[in-house]
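Q: I have a structure to look at and would like to learn how to read its features one by one. Could we go through them together?

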Amino acid sequence: MGRVAAAVLSIGIVATACASDSDVGAPTPSPRPPEGTTSPTSEPTDGAKPAIVVKQPASGDEVASPVTISGTADVFEATVYMRILDSGGLEVAARFTTATCGSGCRGEFSTELSFFVEQTQDGTIEVFELSAEDGSPINVVTVPVVLVAG
């Protein structure tokens with residue numbers, strides 16, 4: 001029994017490690033970003049390097065599906081998560097991707113994320129990493145956008 005459990009665990013770890021881009025679950029209500037989240041910036045202004053910099057889309061952009069989300073990140077195992085929230089805070093899309101470098105070096109990331117909303121509305125794109133300690137979102141960057149229906 002112990003060898004079977006170890007084999008199943010090993011297969012799960014390998015499958016997770018080999019994934020590059022993946023959809024993350026079905027739409028679910030999402031809490032608002034925790035305090036300490038940052039707004040998007042193309043480059044740090046104080047010389048500090050934030051964990052995540054979102055370059056596209058820009059704050060206030062109208063975005064249609066699929067939207068390209070890109071930037072740079074220095075995050076654990078280069079894993080960058082993103083989600084789109086509608087005007088009511090409902091998660092309408094989520095996925096993760098891998099930056100070209102991580103855990104001590106800055107890498108680039110870019111991926112398309114498909115979503116659907118019935119009417120054009122304000123929305124938010126969140127880009128973040130998950131805490132290795134408890135799995136909660138950390139280093140959250142919020143980008144206010146207009147979600148185009150369709």
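Q: Which residues of the largest nonpolar core touch the most other members?
A: Before answering, note that this is a predicted model. The largest nonpolar core has 25 residues, and those touching the most other members are Ile 52, Ile 84, Phe 109, Phe 115 and Val 127. Two or more residues of this core come from each of the strands β2 (52-56), β4 (67-73), β5, β6, β7 (107-113), β8 (121-130) and β9 (137-147). Of these, β9 gives the most, with 4 residues.

Q: What is Phe 115 in contact with, leaving aside its neighbours within four places in sequence?
A: With those neighbours set aside, Phe 115 is in contact with Val 63, Ala 64, Ser 65 and Val 67, with Ile 84, with Val 92 and Ala 93, and also with Leu 147 and Val 148.

Q: Is Val 127 buried or exposed?
A: The general idea is to look at the relative accessible area, where a value under 20% means buried. Val 127 has a relative accessible area of 0%, so this residue counts as buried. Val 127 has its place in strand β8, and, once neighbours within four places in sequence are left aside, its contacts include Ile 52, Val 54, Ile 69, Phe 109 and Val 140. Val 127 is also in contact with Val 80, Tyr 81 and Met 82. As for Arg 95, which is 32 residues away along the chain, its C-alpha atom is separated from that of Val 127 by 9.9 Å.

Q: How many bridges join strand β5 to β6, and how do the two strands run?
A: As a general idea, in a regular strand the side chains alternate between the two faces of the sheet. In this structure, strand β5 (residues 79-85) is joined to β6 by 7 bridges, and the two run antiparallel.

Q: How many salt bridges does the count come to?
A: The count comes to 2 salt bridges. In one of them, Glu 91 pairs with Arg 83, their closest N and O atoms being 3.7 Å apart, and both Glu 91 and Arg 83 are buried. In another, the side chains of Arg 83 and Glu 126 meet with an N to O distance of 2.5 Å. Arg 83 lies in strand β5 and Glu 126 in strand β8, so this pair ties together parts that are 43 residues apart in sequence. Both Arg 83 and Glu 126 are buried. Taken together, Arg 83, Glu 91 and Glu 126 are linked in a network of salt bridges.

Q: Which cysteines form a disulfide?
A: In general, a disulfide is a covalent bond between the sulfur atoms of two cysteines. The count here comes to 1 disulfide, formed by Cys 101 and Cys 105 with their sulfur atoms 1.4 Å apart. The torsion about the S-S bond of Cys 101 and Cys 105 is about -85 degrees, so the disulfide is left-handed. Cys 101 counts as partly exposed at 27% relative accessibility, and Cys 105, at 26%, counts as partly exposed too.

Notes. Residues numbered from 1 in each chain as written. Predicted model: local features only at pLDDT ≥ 70, side-chain atom pairs only at ≥ 80, totals over all residues. Heavy atoms only, no water. Pairing = 2+ DSSP bridges. Core = buried A, V, L, I, M, F, W, Y, C linked by side-chain atoms within 4.5 Å. Buried < 20%, exposed > 50% of the residue type's maximum accessible area, 1.4 Å probe, protein only. Contact = heavy atoms within 4.5 Å. Salt bridge = Lys/Arg side-chain N within 4 Å of Asp/Glu carboxyl O. Disulfide = S-S within 2.5 Å.
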